[in-house]
Amino acid sequence: MALIPSQVLRVAILLSYFSILCHYKALDMPAHHTYGGSWKFLTFIDLVIQAVFFGLCVLIDVSCLLTKGGDSREQERQLRKLIGLRDWMMAVLAFPIGAFVVFTFWSLYLFDRELVYPRLLDNFIPQWLNHGMHTTVLPFIIIEMRTTNHRYPSRSWGLAAVCFFGAGYVLWTCWVHQVTGVWVYPVLERFTPLARGVFFSAMMAVICVIYTLGDILNSYIWDQQHTAKVKGE
């Protein structure tokens with residue numbers, strides 16, 4: 001039996017994301033007052049995705065509790081739709097985008113923090129908030145994967161959806177540059193147009209690899225548990 005019920009963990013994680021988002025939006029940063037506001041940063045978009053995802057998880061937990069013992073087919077049908085949406089969000093958005101943000105941020109940070117998180121930001125963002133945005137996202141989503149079996153879509157459809165999101169964000173980034181003349185991330189300023197295209201392509205490849213790893217990890221976790229359960233019977 002789990003030390004902490006998964007339902008309690010989801011509520012705690014959801015509340016932590018609410019806290020992080022509220023503190024982040026309360027920051028008086030110049031970038032928040034320019035074109036696109038917080039929405040031009042993938043980190044902020046990811047925080048919203050994670051909050052919506054865990055909010056959906058909590059809604060499903062509450063719905064299961066309220067409908068337990070009932071025999072309404074309509075309620076069961078609506079609940080299955082919510083579960084299907086939850087699983088799709090986990091596979092296509094929550095895990096790949098969350099893991100991508102953590103991986104790329106800390107890779108660039110360790111190489112040269114000025115490329116992605118200039119020291120100037122230390123005057124605005126406390127360390128705990130930085131880790132809330134760029135570190136704890138990954139263990140939170142792995143905890144969810146470990147406690148709940150999520151049904152992934154077919155590999156081709158899943159990769160297509162991830163690539164669609166990635167391409168949409170690249171176009172949004174280019175549009176912000178077109179309007180303001182400034183790239184969202186300092187690292188993009190250092191590239192030639194050709195190198196920038198290669199960089200975007202490489203990042204798309206990385207997020208596709210992360211999606212595939214998430215699919216494999218989810219299958220491994222739950223296939224192993226199923227095998228252990230069968231052996232125990």
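**Close-up 1. H2 passes H5 in a left-handed crossing.** The model shown here and in the other views is predicted. The axes of H2 and H5, the latter spanning residues 137–147, come within 12 Å of each other. Their crossing angle is roughly 25 degrees, and angles under 35 degrees count as roughly parallel, so H2 and H5 are roughly parallel to each other. On the H2 side, the residues in contact are Asp46, Gln50, Phe53, Phe54 and Cys57. They meet Val137, Phe140, Ile141 and Glu144 of H5. Sorted by class, the residues of this contact comprise 6 nonpolar, 1 polar and 2 charged.

**Close-up 2. H2 and H3 cross with their axes within 9 Å.** The angle between the two helices is roughly 155 degrees. Angles over 145 degrees count as roughly antiparallel, which means that H2 is roughly antiparallel to H3. H2 passes H3 in a left-handed crossing. The contact of H2 with H3 holds 20 nonpolar residues, along with 6 polar and 2 charged ones.

**Close-up 3. H3 and H6 pack with their axes 10 Å apart.** The packing angle is about 50 degrees, and H3 and H6 are therefore oblique to each other. The crossing of this pair is right-handed. H3 contributes Trp88, Val92, Leu93, Pro96 and Ile97 to the contact. From H6 come Gly158, Ala161, Val162 and Phe165. The contact of H3 with H6 has no charged residues; 8 of its residues are nonpolar and 1 is polar.

Close-up 4. Several helices each supply at least two residues of the lining: H2 (42–67), H3 (73–112), H4 (127–134), H6 (155–180), H7 (186–189) and H8 (193–232). H6 gives the largest share of the lining, with 7 residues. The lining of the largest pocket divides by class into 36 nonpolar, 7 polar and 2 charged residues.

**Close-up 5. The second largest pocket has a volume of about 190 Å³.** Its lining is made up of Ser6, Gln7, Arg10, Ile60, Asp61, Cys64, Ile83, Arg86, Thr147 and Thr148. H1 (6–26), H2 and H3 each provide at least two of the residues that line the second largest pocket. By class, this lining has 3 nonpolar, 4 polar and 3 charged residues.

How values were computed:
Residues numbered from 1 in each chain as written. Predicted model: local features only at pLDDT ≥ 70, side-chain atom pairs only at ≥ 80, totals over all residues. Heavy atoms only, no water. Helix = DSSP H or I, 4+ residues; strand = E, 2+ residues; numbered from the N terminus. Nonpolar A, V, L, I, M, F, W, Y, C, P; charged D, E, K, R; others polar. 1 Å grid on protein atoms, 1.4 Å probe; cavity = no way out; pocket = protein on both sides within 12 Å on 5 of 7 lines; lining within 4 Å. Points joined across faces, edges and corners; volume = space filled by probe spheres on them. Axes fitted to C-alpha atoms, helices over the stretch in contact; angles between N-to-C directions. Parallel < 35°, antiparallel > 145°, perpendicular 65-115°, else oblique. Left-handed = near helix turned anticlockwise from the far one by under 90°. Contact = heavy atoms within 4.5 Å.
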